[in-house]
Amino acid sequence: MDLGLWTLDMTTPLLEMKSITKTFPGVKALDGVSFDLNLGEIHALVGENGAGKSTLMKVLAGVYPHPEYGGEILIEGAERRFANIREAEQAGISVIYQELSLVKELSVAENVFLGREPRRFGVINWEQLYGRVQKLLADLHLEIDLRTPVGYLGIGQQQLVEIAKALSQEPRILVLDEPTAALTDTEVETLFGILNKLRARGVAMIYISHKLEEVFTISDRLTVLRDGRTVGTDATSSLDEPRVIARMVGREVGQIFPEATHEHGEVVFEARNITVEDPGVPGKLLVERVGFTARKGEVLGIAGLMGSGRSELLMAIFGAHPGRKSAEILVGGKPVQINHPYDAIKHGIGFVTEDRKRYGLILEQTILKNMTLAGLRRLSGRFFTNEDAEAAAGQRASRDLRIKSTSVFTIAGTLSGGNQQKVVLAKWLLTSPRVLFLDEPTRGIDVGAKQEIYAQINKLAETGLAIVLVSSELPEVLGLSDRIIVLHEGRVTGEFTRKDATPEAVMSCATGHARQAA
Amino acid sequence: MRYWACAASCIELFMTETSRTGRFKIRTSALRAYTMLVALIVIWLFFQWATIDQHHPYGLFLGATNFSKLLQQMAVTGVLAVGMLMVIVCGNIDLSIGAVVGLAGGVAALTQGRGLVPALLSAIIIGLIIGALQGTLVAYANIPAFIVTLGGLEAWRGVILKLTKGATIPVELPFFRSLGRDFIDPRIGFGLAGAAIAAIIWINIRRSRARLRHGLAAMSTGALAARILIPSVVIVAFIFLMNKAGGVPIPVIFLLAVAIAGAFLTANTTFGRYLYAIGGNRDAARLSGINIKRYILAAFCVMGALAGLASILHTARVGSASPDAGTLMELDAIASCVIGGTSLMGGRGTVFGAVLGALILASLDNGMSLLNVENWAQYVVKGGVLVAAVGFDMFGRRKT
C-alpha cells in the first residue's frame, strides 16, 4: 500500500488481522485467519473449543511476539509487530482473559493500577490512585469498596474489577474472553450496560463467548472460527442461532473415526445423583444431580462446553474433587464408597485425566516410572519393587500402544504430546480397570496421534471395557460414542444414541437449550 | 601413595549402574552426581598437593590416618543427609534436626544410668516421636514443613535446656564412647568385605536370571563381570586403606549401613518411588492413588529416627552431650543434599548424591584445617561451594 496515508479515512478498520497463521509443534492452531474490527463496534468471535479463538487473541495481545506467527496485524492501516504484551498495551489493546489475573491479597484499587501506580519520585501517590479508581468505578456504576481485598469479593465482582482494570488503561481495543462465565444474570446485565456505554464512546471490542444468546444480544458482527480457519463474518442481525451452530460444527465427521462394532454387555458402572460444589464459592453447584450408566463394551460420551461441569463430574466420582460433593456410585451393581483416588482404583476405575502435564505425568521421570505409578503395587510388589517385572510390563504396553521412544527409560517430558498421552493411557490400562474415564484424551495432539488414540479407544471397548469419554471437541464425541449425554451448567440437558446425535442437536443442548422432542 | 584413586573408585560402589537394556552406561539422572564426583577428586588432589612437605613427600591429606579421620568427621552429617534427602525429595524440608540431635543426645546421656541399650534406644525413639509429630502437622494439618520445623528448631532446643539444666553431661559408659571413636578389628573388616562381595555376586546373578524370566534382553558377560568386579575391587581397596589406620571407624560402618539402606529404600521400594512421585508432581501422584499424607509422615519419621542415630554417633564422638550440640547441623545436611544434586522443589535427588555432598563438605573442612586456613575463610569457601554447585547445575540445565 503505497498510498497508505491517503487511505486513512473512515472506511479503514481500526484493526485488521490478515492471514494469521500460528503453528505449535505438530499442530496448526491458526491457518490463515483474517479478522477486522471497526471503531465503536462489538465483534463476536465464536467457535468450538480448540477452534483457535484464544490463540488468535494471544497473537493480537503480543503473547506470541512477531516472528512466532505468520501474517500481519494492521492498526489504522499501519502494520504493527508487537514484541511483547507491553507493546500491544501501548497500542491500546487490552485483553481480559478467562482466568482472572488479580492478586487476591491486594485491594480493589491496588489491583486496578498494579504495575502502573501513579508515582512521584518513586513514591506512590495514593490520593491520586484512589481518586482515579473511584471515578472509574462510579463511571461503571459499580458499587465496590475500593479498599476491600479482591479475595473477599465474589467471582462475579472480581470479574468486574478485572474489567475496570482493563478500562483504566483506556484501551481502544478491548478483548473479552468468556467474560460472563462466572457472572450471575444481574451481573451480566451490568456488564452489558458497561459494554454499551463503551461502544457509544467508540471503544472497539472483541467478544468471545460460548453463550450464543449473549452474543446475539450484544454483538454487531459475528465471526465463526473452525479448526483454525475463518468460516465467515456477517452482521449479527443477518444470522440466527441454527446457522451459527451449523458454521461452528460444519465439518466432515467420520474418516478419522474407526467404524464401531461394540457389543454392549451388562451395566458395570452407575453413578446417581452426583452433586458437586465449587470449592472456592460455597453454595455454588458445579454439577447438580447428574447420573449416568456405563455398560461393558460401550463408549459413553459426555459432551458439554467449557465450564459445563464435565471434568468436575468425573473428578468427584473418582474421589479427587477438593470441595464438597455427594454421590451414589455402583460398580458391578454393588454400591461403593469412594473418598480418595485409591478407593476408585481399587474398585476398578481408571481415569485418564485432562491436562497431562499437570495431572497426568511426572515429566522428569521415565516413561516406565510414569506407566507403573498407579498400578505399582500390583505390577511390582507390595513393598519391594521389581524393576524387571515393571520393565517387562512397560515394554509390552509401549509396544501395544505404539509409543515412539528409544526405550521405556526415556524421560516422559521429552516426548511429543501424543506419546505423552499414550503414556498416561498406558498407566491406567496397567491398573486393569473395568471402567475407564477419559477426559480430553486428545487435547493438543496432532491428527495422526489422535487417530491412533481413537483406534485404541475402540479396541478397548471391544475387549469389554466400559469407557466414559469427556471431550469438548464435538466431532470426537460424536465419532466415538455409542451413547451421548450433554451437560450445560452442571445439568444434563440431553441424551442421545449414536443414531440420533447430530452435531446441531448436541450443540444446541450444550449451549443451554433443552432437547426438543424429535 | 595413590590411595586417592582407590578411595575415589570406592564411591562408585554406590553409583555403578547398568541401564536396563543390559549395557553398562551412566544414568542421565545421576549426571549431576558425576560432575560433583569430578569436583571432589579435584578438591582431593588440590589438598594432597597443598599438604606436601618434607615429612610427607606425597602429601598428607589422603594418607590413611587423615582420610580415616575425614570419614569419621562426615559420618554424622552423612547420616542426617540420607534422612534429609527423603524429606526433600517428597517436597518438604526439616530445619529442626540440629535441635533434635541435641535433644536426643542429651536424653541418651541422661539415661546412661539405666544401661547402654535403654540410653541408645531412647535417643532413637525421641527422634522418631519428634519426626512423627512434625510429620503429622505437615501432612495432616497442612502446616508448611518450613514453619513446623522452624518452630521445632526453637522448641526442641528449649526442651534440651530444661532437661539438662544447661549443663554438659559427660558420657560415662565406655561402650557408648567407643561407638564414636573406635575401629572395628581389621579381620572383621575383611570379613565384612567378603560378605559384601558375596552379596554383590548373588544379587547380580539373581538379577540376570530374573531378566531372562521376564523376557528382557540378557546382560552381556562383560557387563555382568564389570558389575561384580568394579565394586569388589573398590571394597577391598577401601578395607586395606582403613586397616592401615587401625580398621574401619565404627561411625563409618554406621554411615555405610544407613547409606546402603537409604539407597535401597529410595530406589527399590514402593515407598521410595512414591516419595519421588509426590515431589515430582503432587497432583499426578494423588490422582494415581497414592496416599500422599501417609508417605510424607513416613519420610519425617525416617528423618527423626536417623537424627536419633546421628545424635548417638555425635555424642559418643564428642564424649559428652552439651546443650548446644547439633547447632546448624540441619543446614549442613541440607547443603549436602543440594551439592549432591537434590532439588529443593522435590522429586529429584539421590542418596548417593547426598552422601557425596557430605563428603565434599567434610573434605573442605578437613583440608582447610590441615592448611591452617583461618576460620572466617573456611565459612566463605563452604558457602561459595554451595552456591557454585547449584549455579553450575542451573547453567548446565539451561543449555540442554
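Biologist: In which loop of chain A does Glu178(A) lie, and is Glu178(A) buried or exposed?

Modeller: In this predicted model, Glu178(A) sits in the loop between β9 (173–177) and α6 (185–200) of chain A. Its phi is positive, about 50 degrees, although Glu178(A) is not a glycine. Most residues other than glycine have a negative phi. Because 21 other C-beta atoms lie within 10 Å and the cut-off is 20 or more, Glu178(A) is buried.

Biologist: Where is Glu76(A) found, and how does Glu76(A) count by its C-beta neighbours?

Modeller: The loop between β4 (70–75) and β5 (78–80) of chain A holds Glu76(A). Its phi is near 50 degrees, again positive in a residue other than glycine. Glu76(A) has 15 C-beta neighbours inside 10 Å, so it counts as partly exposed.

Biologist: Which element gives the most to the side of chain B that touches chain A?

Modeller: The contact takes 25 residues from chain B and 29 residues from chain A. On the chain B side, two or more residues come from each of α8 (186–213), α11 (270–280) and α12 (282–287). The one that gives the most, with five residues, is α11(B).

Methods: Residues numbered from 1 in each chain as written. Chains lettered and ligands numbered in written order. Predicted model: local features only at pLDDT ≥ 70, side-chain atom pairs only at ≥ 80, totals over all residues. Contact = placed C-beta atoms within 7 Å. Helix = DSSP H or I, 4+ residues; strand = E, 2+ residues; numbered from the N terminus. Buried ≥ 20, exposed ≤ 12 C-beta atoms within 10 Å, placed from the backbone.
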